[in-house]
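Keep the viewer open as you read.

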Amino acid sequence: METGKGLISMVNWAKIRSDFPALKRIINGHPVVYLDSACMALKPQQVIDAMNDYYEFYPACGGRSIHKFGEEASNAYTEARHKFSQFLNAAEEKECIWTRNATESLNIVAHSLKLPKGSKIITTSLEHHSGSLPFIERARRDGLGIEIVMVQPDGTFDIEDWKAAIDRNTSLVSIVHSSNVTGTIAPLKEIVEIAHDSGALVMSDDAQYAPHHPLDVQELDVDFSAISVHKMCGPTGMGVLYGKLQHLKSMNMCFYGGDTVSDVRFEDGKILPTYLPPPEKFEAGLQNYAGAIGAGKAAEYLQAIGMHEIEKYERSLLEAALKRLCDMEHVHILGTDDINIKTGLVTFTVDTVPSAHDVATFLNDELNVMVRSGWHCVGPYHYQMGIDPKKGTVRASFYLYNNRDDVDIFLSGLETLIEASK
Ligand SMILES: Cc1ncc(COP(=O)(O)O)c(C=O)c1O
């Protein structure tokens with residue numbers, strides 16, 4: 001059912017919604033309005049079933065045991081990597097490393113990539129803490145330079161700032177592809193070109209981009225990408241690190257042990273390991289087989305609907321929400337309202353209510369509307385915008401299982417709160 005950009009949607013979104021059991025719940029007489037997918041996406045029955053099948057029918061170790069359960073687990077694990085590499089359009093399956101989350105993917109690159117002495121890492125003021133802190137700590141550890149490119153107040157980047165920042169001494173750029181606060185999408189392809197012209201590598205934080213837009217790592221030519229599987233209808237505790245094979249091969253390992261070696265000889269009282277190439281060199285020990293199987297299923301599920309379709313549908317919900325929100329007195333939206341460069345989320349403050357948590361609490365208590373409040377692990381941008389991180393901001397994020405009723409219930413609830421708080 002993969003459909004191209006611009007075609008009339010053939011997707012039955014009501015049917016898609018019915019795939020998500022959590023949305024069938026009625027709490028205190030109200031349906032659930034789940035608008036926190038940028039934090040954690042709900043799981044479709046297909047993903048739950050795939051994982052349950054593993055636990056129920058072949059809960060064995062992949063890659064080691066030669067018995068029937070072991071063989072089935074190995075096959076399912078290999079198949080999952082295959083599905084995920086297709087989802088990203090990676091050139092090779094071994095370029096997809098299973099991790100625990102996007103944070104781990106970012107840390108592996110930050111701490112294991114060999115970077116020239118005295119070189120400089122660039123990151124931005126819009127990064128999630130997981131996209132900036134690992135690189136700041138790496139720079140501190142090795143005495144490398146660090147430069148912060150400032151995002152514009154509306155969440156967009158000025159390409160001239162990138163041209164000015166990236167020079168021949170830059171070894172690595174870490175940039176959030178789509179922000180979890182403003183929802184803005186960075187001009188990644190242009191930034192990659194500028195970086196590569198100077199010999200720098202690019203690490204893209206795709207935690208928010210991959211679940212909502214078609215992601216083609218070859219087309220973008222990024223060197224690394226960090227993905228959060230739990231934000232794309234997959235299981236918790238799963239992430240992916242994509243890396244170009246040549247980089248993965250030359251990187252240091254971070255964990256050593258079982259399954260990372262082809263041989264461990266014992267000669268003259270010495271233990272002499274021979275390590276495996278990627279992906280095994282990054283996947284030490286017994287793996288999260290159910291998690292990988294669920295990740296593969298989630299990738300397959302989203303691809304079958306079509307990432308262009310999902311992007312278009314979410315933008316239609318975002319547009320409807322923004323139309324009403326922009327006219328609401330006392331509401332201040334962070335970031336641009338240009339839906340064409342935005343992921344399906346909106347973040348805002350309400351100046352008649354003391355803190356973002358009060359807004360989230362009211363919506364949750366009165367209407368089962370679940371939004372996120374806080375600083376969303378993006379302290380620097382909140383400080384840049386003069387927003388007290390303790391008061392925080394409210395974020396409503398949309399996904400393929402939301403509908404117009406969700407948008408309306410959320411906004412009517414917000415209007416009621418604002419009216420009462422004046
Ligand atoms: C932009 C961005 N990067 C990184 C992360 C961290 O993802 P994970 O929880 O998978 O480590 C998040 C999570 O919210 C995010 O939104």
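The report below goes through the sheets, their strands and the helices around them.

This is a predicted model, in which local features need pLDDT of at least 70, side-chain atom pairs count only at pLDDT 80 or more, and totals for chains, interfaces and linings use all residues. Residues are numbered from 1 along each chain as its sequence is written.

**The seven-stranded sheet**

Let's start with an open sheet of seven strands, ordered β4-β10-β9-β8-β7-β5-β6, with mixed pairing. Strands here are DSSP runs of E with at least two residues, helices are runs of H or I with at least four, and both are numbered from the N terminus. Two strands pair if DSSP finds at least two bridges between them. At the edges stand β4 (96–99) and β6 (145–149), each with a single partner strand, so one side of each has no neighbour in the sheet. From one strand to the next, the twist averages 20 degrees. Angles run from 0 to 180 degrees between N-to-C directions, and the axes are lines fitted to C-alpha atoms, for helices over the stretch in contact.

Two helices that pack on this sheet are worth a look. Helix α3 touches β4 and β10 (239–243), and its direction makes about 115 degrees with that of β4. Helix α5 (residues 129–142) touches β5, β6, β7 and β8, and its direction makes about 160 degrees with that of β5. Contact means that the C-beta atoms of two residues, placed from the backbone, lie within 7 Å.

Which strand pairings can you trace in this sheet? The table lists four of them, with their bridges.

| Strands | Sense | Bridges |
|---|---|---|
| β5 (residues 120–124) and β7 | parallel | three bridges |
| β7 and β8 (residues 201–205) | parallel | five bridges |
| β8 and β9 | parallel | three bridges |
| β9 and β10 | antiparallel | five bridges |

Strand β7 (residues 170–176) is mostly covered, with seven of its seven residues buried. A residue counts as buried if 20 or more other C-beta atoms lie within 10 Å of its own, as exposed if 12 or fewer do, and as partly exposed in between, with C-beta atoms placed from the backbone. Leucine 172 in β7 is the bridge partner of isoleucine 121. Towards β8, serine 174 stands opposite methionine 203. The chain crosses from β7 to β8 through helix α7 (residues 188–197), and this β-α-β crossover is right-handed: with the strands pointing away from the viewer, the path from the first strand over the helix to the second runs clockwise.

Strand β9 (residues 224–228) is also mostly covered, with five of its five residues buried. In a regular strand the side chains alternate between the two faces of the sheet. In β9, Phe224, Ala226 and Ser228 point one way, while Ser225 and Ile227 point the other way. Phenylalanine 224 is the bridge partner of methionine 203, and serine 225 stands opposite tyrosine 242 in β10.

**The four-stranded sheet**

A second open sheet has four strands in the order β13-β14-β17-β16, with antiparallel pairing. Its edge strands, β13 (331–333) and β16 (372–374), each pair on one side only. The twist averages 30 degrees from one strand to the next. Three bridges join β13 to β14 (residues 345–350), and valine 331 has valine 350 as its bridge partner.

Helix α11 (residues 307–326) lies across β13, β14 and β17 (393–397), at about 20 degrees to β14. Helix α12 (residues 356–367) lies across β14, β16 and β17, at about 160 degrees to β16.

Helix α14 (residues 404–421) has 18 residues and reaches 26 Å from its first C-alpha to its last, close to the 26 Å expected at 1.5 Å a residue; the expected span is 1.5 Å times one less than the number of residues. Asp406, Val407, Phe410, Gly413, Leu414 and Leu417 of α14 are buried. They cover an arc of only 140 degrees around the axis, which puts them on the same side of α14; the arc is that of the directions from the helix axis to the C-beta atoms. On the other side of α14, Arg404, Asp405, Glu419 and Ala420 are exposed. Among the elements that cover the buried residues of α14 are α11, α12 and β17.
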